[in-house]
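Please work through the exercises below with the sequence and the model side by side, and try each task before reading its solution.

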Amino acid sequence: QVQLRESGGGLVQAGGSLTLACAASETTFANYVMGWFRQAPGKEREFVAATRWDIRIYGESVQDRFTITRDNAKNILYLQMNSLKPEDTAVYYCAASQRFGRSRNDFPYWGQGTQVTVSS
């Protein structure tokens, strides 16, 4: 069972930057696909980014603005968010899986989420 805990959310102005972190309990962290999803009020949970080894994939709406990285020595996943827009406002979730995918159904392990609010 992988336990995940997000941090780093908050309020930021449009055009600003924010970095989220996700601490994982799993000692074999390096072998997991790690991902970020987000969910805005009244909307479906949306794929943001995922990474495994040196592979990184992004959702279309965040491509070229967000960067996903991981520190396997510290079991921490990051999401660097630049050029933030009001439509990026959502609860951001960290997720873990043993297979690559863009669907929430591909990820069995989830954190509790952290709120990101972008003001216009």
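The model is a predicted one, in which local features need pLDDT of at least 70 and side-chain atom pairs count only at pLDDT 80 or more, while totals for chains, interfaces and linings use all residues. Residues are numbered from 1 along each chain as its sequence is written, and side-chain values use heavy atoms, with hydrogens and water left out.

**Exercise 1.** Determine which strands pair with strand 3 and in what sense.

Solution. Begin with the definitions: strands are DSSP runs of E with at least two residues, numbered from the N terminus, and two strands pair if DSSP finds at least two bridges between them. Strand 3 covers residues 18-24, and strand 1 (residues 4-7) pairs with strand 3 in the antiparallel sense over four bridges, with Glu6 standing opposite Cys22. Next, strand 8 (residues 76-81) also pairs with strand 3 in the antiparallel sense, here over six bridges, and Tyr78 is the bridge partner of Ala21. Finally, check the covering of strand 3, where five of the seven residues are buried, buried meaning under 20% relative accessible area, exposed over 50%, and partly exposed in between (1.4 Å probe, protein chains only).

**Exercise 2.** Describe the surroundings of Arg104.

Solution. Arg104 sits in the loop between strand 9 and strand 10 (109-110), and counts as partly exposed because its relative accessibility is 36%. For Trp36, the C-alpha to C-alpha distance from Arg104 is 9.8 Å, although 68 residues separate the two in sequence.

**Exercise 3.** Examine the phi values of Trp53 and Ser83.

Solution. Trp53, in the loop between strand 5 (46-52) and strand 6 (55-58), has a phi near 50°, a positive value in a residue other than glycine. Ser83, in the loop between strand 8 and strand 9, likewise has a positive phi near 50° and is not glycine. As for accessibility, Trp53 counts as exposed because its value is 56%, whereas Ser83 counts as partly exposed because its value is 41%.

Definitions and conventions: Contact means heavy atoms within 4.5 Å. Lists of a residue's contacts leave out its neighbours within four places in sequence.
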